[in-house]
Structures are given as structure tokens and as C-alpha cells.
Amino acid sequence: MTSSGKELESAIEACHAHCQRILEEVNCWVIGRRSLIEQLLIAFLARGHVLIEGVPGIGKSLIVQILAKISQGLFREIQLTPDLAPLDLLGREVIVEDLTSAQRRPQLEPGPLFANFLVARDINRTLPKIQALILDALEGGLVSVGSKLHNLPRPFFVLATQNPLHPEDTYPLHEAQLDRFLFFLKADYPSGAEEWEVAKRAAGAVEEVPPLVTLEEWSGYQELVDRISMEDSVLGYAWALVRASRPRAPDSPEFVDRWVAWGASTRGLIALVRAVKARALLYGRAAAQKEDVYAMAKYVLRHRIAPNEVALAQALTSDRLVEMIMESVPQDQSYAPPEGAKLLKR
């Protein structure tokens with residue numbers, strides 16, 4: 001093995017060890033949410049953001065708060081409401097006087113967006129202009145305050161929650177906005193045994209969470225995702241799933257033409273590839289596998305595939321359509337680059 005190969009192997013082992021320790025620590029604080037914790041870690045490693053739907057009070061925000069404590073990063077949480085103004089998120093410029101030079105200059109008092117870990121609660125209950133502000137920040141990593149552009153901190157992770165109750169009082173995100181999120185997750189109530197254990201441990205304080213990793217280490221691990229390899233057969237499986245989701249496409253099954261209004265875009269395929277590589281890294285592997293694609297496909301595709309009116313009339317949800325697409329695209333098939341594809345050298 002070359003020195004660069006040994007360096008990569010060592011970095012992957014360090015990331016895997018850190019992530020396993022973090023998984024165990026967070027799982028001690030948030031009982032019965034191990035799968036959700038793992039999905040959030042994968043999204044964070046992939047530099048993605050997460051939209052999660054679930055009733056209030058089941059630990060969604062707490063997971064992110066504990067991750068921030070473990071990572072020694074800045075955590076902020078904001079309740080999104082219809083009366084929220086952009087400055088409530090961005091902060092504002094104030095004039096301060098430099099005591100040395102006696103000159104006055106503008107200085108930013110940062111708002112909640114300037115955090116490493118942000119929980120944006122009830123994103124479907126705030127006005128479209130606030131939704132657009134948050135989603136533009138996710139996409140570009142910078143915001144405009146006053147007359148200046150400001151970079152958001154790195155790493156930067158947003159968990160936006162969506163409350164399914166009282167849908168008549170909401171401003172639903174449209175498909176292009178949903179596409180900005182790497183994952184769309186759903187969280188339900190814990191089991192009876194898990195809830196019993198949660199109640200027994202309810203006295204714990206988050207301040208007691210130990211630091212396990214630095215923000216600089218996280219940034220290095222996020223860059224490491226790019227170095228995870230992905231063979232054509234694995235990429236082909238992800239590619240085939242995305243192609244099969246599109247109505248009237250040559251690669252889609254018949255039921256997609258009948259029941260799907262629109263399928264996943266090229267951004268969806270890129271998101272799936274990055275999530276797959278991040279999962280391989282989390283599991284301590286230098287190469288992605290088809291099992292990673294299978295494990296990530298539902299979370300990446302469920303908000304990128306929309307049932308049409310005929311499907312909705314038959315109670316066919318996007319989750320069920322994703323499952324049907326995954327059933328129609330065999331995992332054990334041999335996939336190769338399609339005819340005409342060019343392998344570009346860097």
C-alpha cells in the first residue's frame with residue numbers, strides 16, 4: 001500500500017471510530033433514536049441538510065443540540081412563525097466605535113443563521129420569503145446583511161422540522177425547495193419500552209455531554225467523503241434508481257408513467273451518490289457498496305418523487321412509490337456506464 005493509501009485508511013479509521021463513539025454517546029441521551037442519529041451523521045458528513053417531519057417533543061432538536069456539544073460548535077434553535085422578519089434570522093449591522101482609532105464602523109451582530117448547528121422549527125409555518133432566505137443559505141453558504149455578504153460558519157448544518165398537524169395553517173415547500181434538502185426523514189413516537197427508559201433518565205442535563213470531536217476534524221471528515229471510491233456497478237445502481245423514477249423516460253417502469261407526476265432530478269442523483277459515500281465512510285469503508293445505495297435511496301428520493309392525482313386517489317404515497325421503484329430495479333444486476341458515457345480525467 002502506498003503512503004497516500006495508508007493515509008486514507010488511517011483517516012477513514014479515525015472517522016469511523018469518532019462516529020461510533022458519537023453514536024453511542026448520543027444514543028445514551030436520546031433513547032430509541034439510533035437510526036435517526038445515524039442518518040443525521042451521514043447527512044452532516046455529506047455536507048447536506050435535513051428536513052424532518054414528526055410531532056413535537058420526540059427528541060429531534062435534542063439530537064442536534066447534543067451533536068453541537070460533542071463537536072464544540074455553536075448551536076441555535078429558532079421557532080419559525082408567520083410574523084418572523086429576515087433580520088430575526090440574519091442579525092443586524094450596528095455601528096461601533098474603535099477605541100484605538102476613534103473611528104466608527106459597522107459590525108455584524110449575527111442572528112441564528114450564523115451557527116454550526118441550527119434547528120429551524122416548523123419551516124412550513126413561516127412565510128415563503130423566510131423559507132427562501134433559509135434555503136438560499138443552505139445552497140450558497142453565505143447571506144447578505146446590510147450592504148455586505150457574509151460567509152456562514154463551517155461546518156454548517158441545518159435540521160428543519162415540519163409539523164404535520166393543522167396543515168391548513170401552513171405554507172408547504174414546493175418541489176424545488178424540497179430538493180435543497182439531502183434527506184427527508186420521518187420520526188414517530190418511541191416504543192413503550194423506549195419511552196419508559198426516556199422517562200427514567202429525564203433528569204440529565206445536556207451540559208454534561210462530553211466533547212468528542214472538533215469542528216476542524218469534522219471539516220476534514222467532510223472532505224474525506226470525496227475520497228471514498230464508487231465503482232461503476234454501484235454508481236450504476238444509483239443511476240438506474242433515479243432514471244426509473246421519471247415518468248415517460250425510457251428507463252422507467254410502466255407504473256411510474258401511470259402514478260408519478262415528476263421524478264428525481266440530476267441533483268437527486270448527485271445527492272444520492274454523496275449520501276452513499278458518506279454512509280460508507282461512517283461504516284469505516286474506503287469504497288461504497290450497493291447496500292449503501294439501498295439504505296439511502298428512500299431518504300434521498302421520497303421528497304423528489306411526487307405521486308400524481310391518480311396515485312393519491314388510490315392512497316399511493318411517495319414512500320410507497322419509492323419502494324416500488326426499488327423493487328423494480330434489481331440490486332444484483334450488473335451495471336456499467338451507459339452507451340455514449342465518457343470517462344473524464346481530472
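The following is a dialogue on how some terms apply to this predicted model.

Student: What should I know before reading the values?
Tutor: The model is predicted, so local features need pLDDT of at least 70 and side-chain atom pairs count only at pLDDT 80 or more, while totals for chains, interfaces and linings use all residues. Residues are numbered from 1 along each chain as its sequence is written, and side-chain values use heavy atoms, with hydrogens and water left out.

Student: Why is Cys-15 called buried?
Tutor: Buried means under 20% relative accessible area, exposed over 50%, and partly exposed in between, with a 1.4 Å probe and protein chains only. Cys-15 has 0%, so Cys-15 is buried.

Student: What makes Cys-28 partly exposed?
Tutor: Its relative accessible area is 45%, which puts Cys-28 in the partly exposed class.

Student: How many disulfides are there?
Tutor: The count is 0. The nearest cysteine sulfur to Cys-15 is that of Cys-19, 4.0 Å away, and Cys-15 is in no disulfide. A disulfide is a pair of cysteine sulfur atoms within 2.5 Å.

Student: Why is Ser-61 called buried?
Tutor: Its relative accessible area is 17%, so Ser-61 counts as buried. Ser-61 lies in helix H3 (residues 60-71); helices (H or I, at least four residues) and strands (E, at least two) are DSSP runs, numbered from the N terminus.

Student: Which residues does Ser-61 touch?
Tutor: Leaving aside residues up to four places away in sequence, Ser-61 touches Phe-75, Glu-77, Val-119 and Arg-121. Contact means heavy atoms within 4.5 Å.

Student: What makes S2 and S5 a pair?
Tutor: Two strands pair if DSSP finds at least two bridges between them. S2 and strand S5 (residues 117-121) are joined by 5 bridges and run parallel. In one of these, Glu-77 has Val-119 as its bridge partner in S5.

Student: What is the order of the strands in the open sheet?
Tutor: The order of the 5 strands is S2-S5-S8-S1-S9, with parallel pairing. Strand S2 (75-79) and strand S9 (183-186) are the edge strands, since each pairs on one side only.

Student: How do the buried residues of H12 line one face?
Tutor: Seen down the axis of H12, they fall within an arc of 135°, so they line one face of the helix. The arc is that of the directions from the helix axis to the C-beta atoms. Among these buried residues are Val-293, Met-296 and Val-300.
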